[in-house]
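Reader: I am new to reading structures. Could you take me through a few features, one at a time?
Author: Gladly. Here is what we will look at.

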Amino acid sequence: MNEVNRMKDALCRRTFVCGAAKSFLGLGAMPLLSSLAYSAEKSGWGLSRQAKAKSVIYLYMNGGMSHLDTFDTKPGAETQGPVESIKTNADGVLISEYFPNMAQQMDKVAVINSMYSNQGAHAQGRYFMHTSYFMRGTVRHPDLGAWSAYHLGKVNPGLPANVKIGGSSAGLGGGFLESEFAALPIGDPTSGLQNSTLPRGISESRFARRMDRVEQMNREFTQKYDTKLSRAYTQMYDEAVRLMKSEDLKAFDLNQENQEMRDRYGNNPFGQACLLARRLVEHGVRFIEIDDGGWDSHNENFQRVQSKSAVLDQAMAALLADLAARGMLNETMVVLATEFGRTPTIVDDRNGRNHYPQAFTCLLAGGGFKGGIKHGKTDAEGREIVDGIVEVPDFNATIAHALGIPLDKEVYSPSLRPFKVADHGKPVLSLFS
Amino acid sequence: MDSERLRASPIYPYSHACWIRRCCGLVELILIDPRSGRIEYNVNILPDFFASLNSASFLMANDFMGLNSTDLKCCFAVSRHALILSLVVGILISLCNESTAWCSTLANAENAPLAWLDATPKADTSETEEQPEANSTSHNLSSVSATDRSQILAISHQIDLFIEAQLAKHDQQANPLASDEVFVRRIYLDAIGRIPTLKETTRFLNSNSSNKRAELIDELLDSYGYVSHQYNYFADLLRAKSRLQNAVAGQPYIDFIKDSLETNKPYDQFVHELIASEGLLIERGNGAVGYYLRDLGMPEDNMSNTVRVFLGTRLECAQCHNHPFDKWTQRQYFEMVAFTGGISYRDRSTSQNPNQAARLMRDGSLSPTERQVIQRMVRNLQTGVSGSGTGLARLPEGFLGEDGEEFEIIKAQIMFGDQPEMNPRIPREITNERTRQRLGRRQQQIPNAREIGSRELLANWLVDADNPRFATVIANRMWKQTMGLGLIEPVDIIEDNTIASNPELMDYLANSMIALDFDLKQFLRAIFNSQTYQSEAFGKDINNPAEFYFNGPVMRRMAAEQIWDSMLTLVFEEVDQRVVPELDRQLRLFGIEAADIYEVYETLREMSADEIVDLAKKVASGGRGMRAMGRPAATRGDQDRRALIAQRDRLDVAIRRAKRANEPGLLETLEERRLDLQVAIDKLPIQNRGAFIRASELPSPAPPSHFLREFGQSDREEIENANSEPSVMQVLSLMNGFVEQRIVNSSNAIVLKNVERSKSDREKIDTVFLSMLNRYPTESELAVWQADLDANPRETVADLIWTLINSNEFIFVK
């Protein structure tokens, strides 16, 4: 029945008067309830296997990461340009020379060279990658972070389940789900959680006195005006105060890490964000997305990819090594994703590569995935997928499956349309160890 | 109405009952069908009319239908025919033939004019001569004519009658009238989107005018705050964004909405323009095309949105299959889409120059930055809407219905009502296989379709007063906006069997909307003037909106924009002005100095392709100021601001000196000057656009981590995507962030300045309460804070401000 309640909650997300939806439910509830019961019975992929991954660190390369110049190199091909391939600590896995640190971590990584999308514009591609659905004007779909929070809940009740560090104005991914499942946004990874400490000059006793006065005010207000929402606000103050006093707040504070560790990840926003993500996982945050922009290499592709890769290489290699050293890698999945690849043909006049959704590369590491393997293949010039195609919903289904999210479970939007975590995607089972 | 009780009454079995009530100087006459209990007819009659009558005879039935006895009621039997033609004259004269006590108390003017509002469906209001000018601007609207006013008040009053009748039926009472303190806060928030300032609060509370509520309502509806507040609502509804796809400026769309509100454009005309407009987006006056550009490349989604926003019905399910809960089929859906068939998101009227510039752009000699600049210019010079509509659409691949085949070309058909006359012609399909394959990627296109103006026909049908849904939906939305809950909930899932919680009132409001020619301002004026709106709020959970009868408006959390704007009210003077004054309208884009963005593109349009490319080169090589794209660069406003701030700082020194020298007279003069100066500074443009200006003037939507977004401002991705749910981040921001930094610790915050001027502790406490909660403190509150002030004079004012903002009473509108 919990599911039914959740569905109801989803219905009244935007109208705080839940009854609004209830009368509506009176008309439409029966078919819905029965279909829910049905889907729970069928249950599908998710429930039978033991999920290994508990948390996800999702590194998103915004703008479209060139596949040829990173993890799908084509030594000797004309389309490769000047980029050399190097050997790694995984047999038969070659990667670009731009990733010397990652070369020492590839034994932990499953490379998917056969990613396929049909969305060639940034916003649409990004949306598809995050939600498994095409962007529509009529509904916003939740992204993987929100779905994870929704289906799996919090690991640590004192912290949010879903966090997004850095990134675009694309929103917080909650889609039609309640805002509690949307990501908590963190702009600058080094400045901690906004407003979580007492302002300068406010002592704890003064704060306590203020809170006392607020409670007094609210008591009087509540005598006449008392709704679920006004009570929820009162509770939210309790929660916020708890968070302010919480030991877990340290999770957001990079000053708790020594300088050597901070340097190891790279002294740049992306590197520090990766370090923060590791800390958040340690403290029980379910899903952390880190958005790294600037991969849209229409012009001077090689310069740009090289400089972007240097940052990524250092941070991701440090992250994988660190997680492994702490024994966290098995339960923590690290994803490297992007909306599409870049055209194999190098545009002469500006040395650039354009958008290329029909073949690109993403990585999965930890969380129960096999390491040191490559899945799928593109042709000798990196143009077409010749083996093991993984469409975007399949990729997301793979992540969801690893987390133990039931892929068949339908969740209803406020307009009562059913949606699933990865639409019709099927997990790539051969990637699981 | 309670038909059981009606049947038991002495007048049954006469065919109709009439119910008369007098209140607020008006007399209502309502005709009720005793079988259905439905109100069939009602009129409002100005009392002046009765003055010309000398008597009345009717059956008094004070307890009739359990209505409360302060009202005067009568019921009588008439034939339906008699009523239709001679309702006002015949019936009332016969009614009032014998004088009664109440009739004689009415006004005594002779031959007073009769003003009445016909509220039957399909009322032909064009015959009423005193209709307000449909297009009158906000400036001259402030003088609501006497006749308009009586029409408005008649509606207000009628609303109360319907509410009372239904409450009585359910043995409930209306809440008592809200106090002036409660009212002043609520009306400011509902009419102009922020709490009143200290000055505004005390001015209202101290006013002795017997008509002060109505006067305040008029004043607020005529201020720019009204535009700001309503814009926030429509920006959420219409997903207005500052940046459209491909970095095209969204400003014209936003301006269209604001300008329409500012001139109080009738809502039906506003919607008609959204649906039927064509032209280049960036050309002045064409902003309405933003409505289609918002769903660029997705005409199907756009149609779903149109139906949802304006007709309150969901069609999006039928986009992929027949609607599972409603009657709509997938074919019907595409028949609707066909009205916008052939739409193109480029403006055809544009000169060829931008196209040529785009071709030149591919020239290898141009640098990436130069190309980017050209692209930005060209896209804005090309984006628009053209195509008046072919009235044709293609069924989609994998069409599921039995009433068509995939890729079949179908003709436009409206969902309900009379089909508009039109004659779409289905062109012959291309038979050449190669050509077909080439077109395969764009299967939805229909080559050689003729334009027949179907978009205009769609718009005509949509906003027609005979379209039963259009007026109902906007009336219900406005009701919800002000009363906190719709008469129909949800407001945009209306189906055939949907029944409003008060069907008579819903019908009446829809008809009033039509009678008022879709003048939203007048409609709101009518709601605001009702006793129902002015009653104390209902502050309990409502489990079933269908069973809530509006004892008063529903308590709700302020919208994100209301919270933000209210915060600003505590910090700055004069926050309502359309923040970019003339001085700041100077903007520099691509190195072109202009009054606004339209002027920039007018200049660009005049340029040849070569000139565009040359300019782009110059812009690309220039400094940041040159490159600033779409952002106003530093202008004269900045220098003025700095000069004024320097002046203020000098005054501060003088003030400190005067304080030390203990010269109260001089001090007062100086402080007054300082205040004036501060007002002038606050009025000046703030170049940092992340700054503290009203939500409606900030980028739409505000960036994801902005205060506004934290409090649930819509991301403008989905229709009505704002929410008022609590979150830890909000609370943290109120406790430790914004309030502390911007109000409590900002010596320039108006609320602190007002406290500084207070002469006693009592006055200080009053000032904070009046500034923030717009009421005086209670005795016990006064005692608590007085004690705190005694114990700790330095910290208490800050603590009081902090406490009030963090209390539920601040964030909830009661």
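Author: Start with burial. A residue is buried if 20 or more other C-beta atoms lie within 10 Å of its own. Keep in mind that this is a predicted model.

Reader: Is A:Asn195 buried or exposed?
Author: Count its neighbours. A:Asn195 has 23 other C-beta atoms within 10 Å, so A:Asn195 is buried. Its place is the loop between β6 (184-186) and α5 (204-224) of chain A.

Reader: What should I look for in the backbone?
Author: Look for exceptions. Most residues other than glycine have a negative phi, and most peptide bonds are trans.

Reader: What is phi of A:Asn195 near?
Author: Phi is near 60° there, a positive value in a residue other than glycine. B:Arg716 sits in the loop between α29 and α30 of chain B. With 21 other C-beta atoms within 10 Å, B:Arg716 is buried.

Reader: Which residues does a cis peptide bond join?
Author: B:Glu489 and B:Pro490 are joined by one, with omega about -15°. B:Pro490 belongs to the loop between α20 (468-483) and α21 (503-515) of chain B. Another cis bond links B:Ser700 to B:Pro701, and omega is about -5°. B:Pro701 lies in the loop between α28 (664-683) and α29 (707-710) of chain B.

Reader: How are two packed helices described?
Author: By the angle between their axes and the distance between the axes. Take α7 (residues 180-192) and α8 (residues 198-206) of chain B: they pack at about 135°, with axes 10 Å apart. That angle makes α7(B) oblique to α8(B). The crossing of α7(B) past α8(B) is right-handed.

Reader: Which residues of α7(B) and α8(B) meet?
Author: From α7(B) come B:Asp180, B:Glu181 and B:Val184. They meet B:Thr201, B:Phe204 and B:Leu205 of α8(B). By type, this contact has 3 nonpolar, 1 polar and 2 charged residues.

Reader: Now the chains. How many residues does each chain give to the contact?
Author: Chain A gives 60 residues and chain B gives 58 residues. On the side of chain B that touches chain A, α14 (299-311), α30 (728-744), α34 (793-806) and α35 (808-811) each supply at least two residues.

Reader: Which of these gives the most?
Author: α30(B) does, with 9 residues. The residues on that side of chain B divide into 22 nonpolar, 18 polar and 18 charged.

Definitions and conventions:
Residues are numbered from 1 along each chain as its sequence is written. Chains are lettered from A and ligands numbered from 1 in the order in which they are written. This is a predicted model: local features need pLDDT of at least 70, side-chain atom pairs count only at pLDDT 80 or more; totals for chains, interfaces and linings use all residues. Two residues are in contact if their C-beta atoms, placed from the backbone, lie within 7 Å. Helices (H or I, at least four residues) and strands (E, at least two) are DSSP runs, numbered from the N terminus. Ala, Val, Leu, Ile, Met, Phe, Trp, Tyr, Cys and Pro count as nonpolar, Asp, Glu, Lys and Arg as charged, and the others, Gly among them, as polar. Axes are lines fitted to C-alpha atoms, for helices over the stretch in contact, and angles run from 0 to 180 degrees between N-to-C directions. Angles under 35 degrees count as roughly parallel, over 145 as roughly antiparallel, 65 to 115 as roughly perpendicular and the rest as oblique. A crossing is left-handed if the near helix is turned anticlockwise from the far one by less than a right angle, and right-handed if clockwise. A residue is buried if 20 or more other C-beta atoms lie within 10 Å of its own, exposed if 12 or fewer, and partly exposed in between; C-beta atoms are placed from the backbone.
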